[in-house]
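Good morning, and thank you for joining this group meeting. I ask you to look at the sequence and the structure as I go through a few selected places.

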Amino acid sequence: MVSRIRPTAWLANVYFGVLVGLAAAGPAAAETSAQFIYRVSHSIFGEIGTYTNTVEPSRDGITVQTRAHFEVKMLGVRMYREDAERTERWQGNRLVSFRGVTDKGEGPAEVKGDARGNNFVITSPQGTINAPGSVHPANPWSAAFLHSNTMMRPDSGKLEQVRIGAGQETTVKIDGAAIPAVKYEVDGSTKYTVWLDRRGVPVMFWVDDDTGKITFTLAKCVGCNAEFVQLDKK
């Protein structure tokens, strides 16, 4: 079972499943600090960790700091561990720099990126590549994902072309409560789904692949009482 499930493969996909985010609090809209803490679970392994985004606006733009911790256990034995720290810096709706370090148990691996002209230059252990200036990390905080079809996986720097579906008004159950939300589906090499509440906060998102479903559920939101721009339902 362990060899068939391939924990490394599905945890890499987790990061891409996190690509959609605050449709109301994009780089141009956020004015106050906010922190979004998610509990992460897998349909086979159960609870596997946490994922946190901290959004800090300033006169120069927006800084987004991300921390992730995942740990997979079977019968009490740790099968996989992953820790990551990342920083995104935005000016307007453009990513101007990215710094990320991910440790999957074999030592830290760094991914860096900087805006240069019309491109975004990404350097990773696999080499250096040029991405479009409109590229967005696979991280749930910016509304601009609705207008970008190029995403960068923050653990590897790999680029992926995606297609964003139209938003659908629905409800999503969180801890037994039915939350009105808008659902977006994202088609890449794997299918991903995100639910945004009426404030534009991503209250749940998941990725479904051949290993099972990985679900991110908002457990705590600090600063969510701040007024966000109303979600533009497509």
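Let me begin with W206. Its relative accessible area is 16%, and because the limit for a buried residue is under 20%, W206 counts as buried. Please note that this is a predicted model, and that the values I quote are computed from it.

Where does W206 lie in the chain's secondary structure? It belongs to strand β16, which covers residues 202–209. Which residues does W206 touch, once those up to four places away in sequence are set aside? They are Y192, T193, W195, K213, I214 and T215.

I turn now to H42. This residue is part of strand β1, which spans residues 34–42. Is H42 buried or exposed? With a relative accessible area of 4%, H42 is buried. Another goes to the backbone nitrogen of F45, at 3.4 Å.

The next topic is a sheet. Strand β10 consists of residues 150–152, and its pairing with β9 is parallel, over 2 bridges. To see this pair in detail, find P137, which stands opposite M152 in β10.

Finally, let us consider the confidence of the prediction. The protein chain has an average pLDDT of 81, and 80% of the residues score at least 70. Which elements of the protein chain have the lowest and the highest mean pLDDT? The lowest belongs to helix α1, residues 2–5, at 32, and the highest to strand β7, residues 119–124, at 98. Across residues 1–30 the pLDDT is below 50, and this stretch has 114 contacts in the model beyond near neighbours in sequence. Residues 226–234 also have a pLDDT below 50, and that stretch has 21 contacts beyond near neighbours in sequence.

Thank you for your attention.

Notes:
Residues are numbered from 1 along each chain as its sequence is written. This is a predicted model: local features need pLDDT of at least 70, side-chain atom pairs count only at pLDDT 80 or more; totals for chains, interfaces and linings use all residues. Side-chain values use heavy atoms; hydrogens and water are left out. Helices (H or I, at least four residues) and strands (E, at least two) are DSSP runs, numbered from the N terminus. Buried means under 20% relative accessible area, exposed over 50%, partly exposed in between (1.4 Å probe, protein chains only). A polar contact is a pair of N or O atoms within 3.5 Å; within protein, one must be able to donate a hydrogen and the other to accept it, and residues adjacent in sequence count only if both atoms are side-chain atoms. Contact means heavy atoms within 4.5 Å. Two strands pair if DSSP finds at least two bridges between them. pLDDT is the predictor's confidence in each residue, from 0 to 100.
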